[in-house]
Amino acid sequence: MPGMRTSADTGARPAPRVVSAGDVGILLLRLAVGVILAGSGAQKLFGWFGGAGLDATGKYFTDLGYDPGVFFAGLAGVSEVLGGLGLAVGLLTPLAAAAAVGVMINAMAVAPDVTLWSAEGPAFAYPMTFAVAALAIAAVGPGRLSLDAFFPWRDGGWVPAAVALVLGVAGGVVILAL
């Protein structure tokens with residue numbers, strides 16, 4: 001309209017986007033889930049944080065029916081480390097979530113106690129919670145405080161969630177079928 005000035009005319013810059021509580025909240029969730037998953041993988045691969053290391057974990061995997069156990073323990077460890085670190089820093093989030101989902105599907109399949117609450121030890125609830133959290137992160141997106149901040153999946157959506165779910169379930173099922 002004649003006589004109206006726009007920000008382009010005045011050289012004014014748009015106000016910077018403020019970091020929201022949601023950005024901080026998803027960062028905290030990503031860090032918690034990602035660091036715990038990466039630590040679990042480091043236990044399997046390197047024996048860090050009180051873990052058994054690859055050879056002992058491989059024997060355990062063999063006892064669970066994964067043969068060769070060392071290969072599958074290594075695959076689980078690498079998936080947890082890379083998926084966990086990817087979630088923590090918000091890098092390639094749909095793929096990181098898929099890695100977490102695939103490993104957690106296998107963990108749920110071999111859970112000694114298929115219950116949500118077990119006083120005796122590991123149960124279905126632990127891996128289920130991590131799988132759901134990884135999917136939620138993919139669906140919501142890693143947010144502005146992530147390395148994915150400039151990618152279209154930063155804000156999540158149906159496509160990133162579907163990528164995480166489909167690839168994660170497919171990977172988990174393939175490993176179970178082997």
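User: Why is Leu-91 called partly exposed?

Analyst: In this predicted model, Leu-91 has a relative accessible area of 37%. Buried means under 20% and exposed means over 50%. The value for Leu-91 falls in between, so Leu-91 is partly exposed. Leu-91 sits in the loop between helix 4 and helix 5. Setting aside neighbours within four places in sequence, Leu-91 is in contact with Gly-86, Ala-96, Leu-147 and Asp-148. Leu-91 and Ser-146 are 55 residues apart in sequence, with their C-alpha atoms 6.9 Å apart in space.

User: What makes Gly-90 count as buried?

Analyst: Gly-90 has a relative accessible area of 0%, and the limit for buried is under 20%. Gly-90 is therefore buried. This residue also belongs to the loop between helix 4 and helix 5. Not counting residues up to four places away in sequence, Gly-90 touches Arg-30, Pro-142, Ser-146, Leu-147 and Asp-148. From C-alpha to C-alpha, Gly-90 and Ala-149 are 8.1 Å apart, although 59 residues separate them in sequence.

User: How do you know whether Phe-49 is buried or exposed?

Analyst: Phe-49 has 63% relative accessibility, and exposed means over 50%. Phe-49 therefore counts as exposed. Phe-49 lies in the loop between helix 2 and helix 3. Its phi is near 55°, a positive value in a residue other than glycine.

User: Why is Thr-93 called buried, and what does its side chain contact?

Analyst: The relative accessible area of Thr-93 is 1%. Since buried means under 20%, Thr-93 is buried. Thr-93 lies in helix 5, which covers residues 93-109. The side chains of Thr-93 and Asp-148 are joined at 2.7 Å. The cut-off for a polar contact is within 3.5 Å, and this pair makes a polar contact. Leaving aside neighbours within four places in sequence, the contacts of Thr-93 are Leu-87, Ile-137, Ala-138, Pro-142, Asp-148 and Trp-153.

User: What makes Lys-44 buried?

Analyst: Lys-44 has a relative accessible area of 16%. Buried means under 20%, so Lys-44 is buried. Lys-44 is in helix 2, and its side chain makes a polar contact of 3.1 Å with the side chain of Ser-40. Beyond neighbours within four places in sequence, Lys-44 has contacts including Gly-53, Leu-54, Ala-73 and Glu-80.

User: How do you know how helix 2 and helix 4 are oriented?

Analyst: Helix 2 (residues 21-46) and helix 4 (residues 69-89) pack at about 155°, with axes 7 Å apart. Angles over 145 degrees count as roughly antiparallel, so helix 2 and helix 4 are roughly antiparallel to each other. Helix 2 passes helix 4 in a left-handed crossing. The residues of this contact divide into 15 nonpolar, six polar and three charged.

User: Why are helix 3 and helix 4 described as they are?

Analyst: Their axes come within 7 Å and cross at roughly 110°. The range from 65 to 115 degrees counts as roughly perpendicular, so helix 3 and helix 4 are roughly perpendicular to each other. The crossing of helix 3 and helix 4 is right-handed. Among the residues making the contact are Leu-54 and Phe-61 of helix 3 and Phe-72 and Ala-73 of helix 4. By class, this contact has six nonpolar, five polar and one charged residues.

Conventions: Residues are numbered from 1 along each chain as its sequence is written. This is a predicted model: local features need pLDDT of at least 70, side-chain atom pairs count only at pLDDT 80 or more; totals for chains, interfaces and linings use all residues. Side-chain values use heavy atoms; hydrogens and water are left out. Helices (H or I, at least four residues) and strands (E, at least two) are DSSP runs, numbered from the N terminus. Buried means under 20% relative accessible area, exposed over 50%, partly exposed in between (1.4 Å probe, protein chains only). A polar contact is a pair of N or O atoms within 3.5 Å; within protein, one must be able to donate a hydrogen and the other to accept it, and residues adjacent in sequence count only if both atoms are side-chain atoms. Contact means heavy atoms within 4.5 Å. Axes are lines fitted to C-alpha atoms, for helices over the stretch in contact, and angles run from 0 to 180 degrees between N-to-C directions. Angles under 35 degrees count as roughly parallel, over 145 as roughly antiparallel, 65 to 115 as roughly perpendicular and the rest as oblique. A crossing is left-handed if the near helix is turned anticlockwise from the far one by less than a right angle, and right-handed if clockwise. Ala, Val, Leu, Ile, Met, Phe, Trp, Tyr, Cys and Pro count as nonpolar, Asp, Glu, Lys and Arg as charged, and the others, Gly among them, as polar.
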